[in-house]
Amino acid sequence: MSSVSQSGAAIRLRGLGKSYKSLQVLRDVNLDIAPGEFVTLLGPSGSGKTTTLNLIAGFLAPDHGQIFLDDKDLTAIPAYKRGIGVVFQNYALFPHMTVAENIAYPLQQRKPRMSRDTISSRVAQVLKLVHMGDYAERRTDQLSGGQQQRVALARAVVFEPKLLLLDEPLGALDKRLRESLQMELRRIHRELGVTIIFVTHDQDEALTLSDRIVVFRQGSIEQIGTPEELYDHPRTEFAATFLGDSNIFEGTLAQGRFNCADGHFAPIADQADRPIKLMVRPEKVSVVPGPFDMSALNLTTCAVPVTIEDVVFAGASVRVEAVTASGLKVMARCTGLEHALSVGDKAHFVWAADSSRLIDRTTP
Ligand code: ADP
Ligand code: MG
């Protein structure tokens, strides 16, 4: 729909800080977002995601730092003049109005005034964009949750913002509806070319939607990267455990080897002189039952002796839960098991050395 298509803005956050009384909720947040990018802020509850969006939208003022939209400093510009589209969790539609009236509303508030024809054709266009063309005359309190979120999205894009802020917009919906709306959001992002900053605490949603993910932890950015970078090369224990499942081993690094507290070692090219741990994703691990010839361990293979605790059929994969000699819970995710495994069996978790990742220990 070329008539709705628009370009996205570049966003730069510089040294953003925000406190509530003595509680510092954001510290030194720096972020560069390219025009048209889909960037997700991911982090646990209370990590500062919503605060960051509120600062960008202009609903809150930062204590420190600056926000630039296409090189324009927004700091002194009030929210309603920033031209940013917003869909927040608690940003309700007007229940006594129809769908069309809800969407027309932001256009009617604009100066200079738009003609009624222009407004109604814009409303029709965005309703088509969110696949709600047949619902224009419906009252919004007669819509399902998913339909209401589509209308909220239509209302946020109707004035052609170059930046769209979405704060957990799918959070209240059931899994299936959420997944179908995620696909819709991807399509709408592609069609509009608008820059999107999306907030979620749901790692799968972040992996599915984003060009890049920004991992928040206690008011700071922990790591920024593409979904692949963050999943394959998390830098810290927090990033590794927040995005996907992981096995994390204690140990020390010496002479090109990671000597694991569980008795095995892993060859490692990295020379780190910082506190580190070793991480391997469960789907990189295979389970070898019975005794394992540790002399077969070489520069390309890692193995840890384990005792099987559970074998869980999960449809497309089998999850093998086990415990190491030191009591560490570990997990392998296999596409199939060549050997029968029973609870209590001795086995080894085996993986290729290049699947090992060194990560920084996260200080709590
Ligand atoms: P998130 O969206 O990542 O869950 P928020 O940005 O909403 O986190 O909140 C970050 C921190 O700021 C939390 O500890 C929250 O309790 C606190 N906070 C948010 N708003 C206020 C407020 N108006 N007054 C005091 N503390 C607040
Ligand atoms: Mg929030």
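Predicted model: local features only at pLDDT ≥ 70, side-chain atom pairs only at ≥ 80, totals over all residues.
The size of an interface is often expressed as the accessible area lost when the parts come together. Between domain 1 and domain 2 the buried area amounts to about 730 Å², with carbon and sulfur atoms contributing 45% of that area. On the side of domain 1, Tyr231, Pro234 and Glu237 provide 65% of the area buried against domain 2, which is more than any other three residues supply.

Ligand 1 is surrounded by Tyr20 and Val25, by the run Pro44, Ser45, Gly46, Ser47, Gly48 and Lys49, and by Thr50 and Thr51. By residue class, this shell divides into three nonpolar, six polar and one charged residue. Helix H1, which comprises residues 49-57, accounts for the largest share of the shell, namely three residues.

A polar backbone atom of Gly48 is placed 3.0 Å from an oxygen atom of ligand 1, whereas for Thr50 it is a polar side-chain atom that lies 2.8 Å from an oxygen atom of the ligand. For Thr51, an N or O atom in the side chain is found 2.5 Å from an oxygen atom of ligand 1. Taken on its own, ligand 1 has 560 Å² of accessible area, and the protein covers 59% of this area.

Note on methods
Residues numbered from 1 in each chain as written. Chains lettered and ligands numbered in written order. Heavy atoms only, no water. Near = heavy atom within 4 Å. Polar contact = N/O pair within 3.5 Å; in protein donor to acceptor, adjacent residues only side chain to side chain. Areas by Shrake-Rupley, 256 points an atom, 1.4 Å probe, with all protein chains shown as cover. Helix = DSSP H or I, 4+ residues; strand = E, 2+ residues; numbered from the N terminus. Nonpolar A, V, L, I, M, F, W, Y, C, P; charged D, E, K, R; others polar. Buried area = accessible area lost by both parts, 1.4 Å probe.
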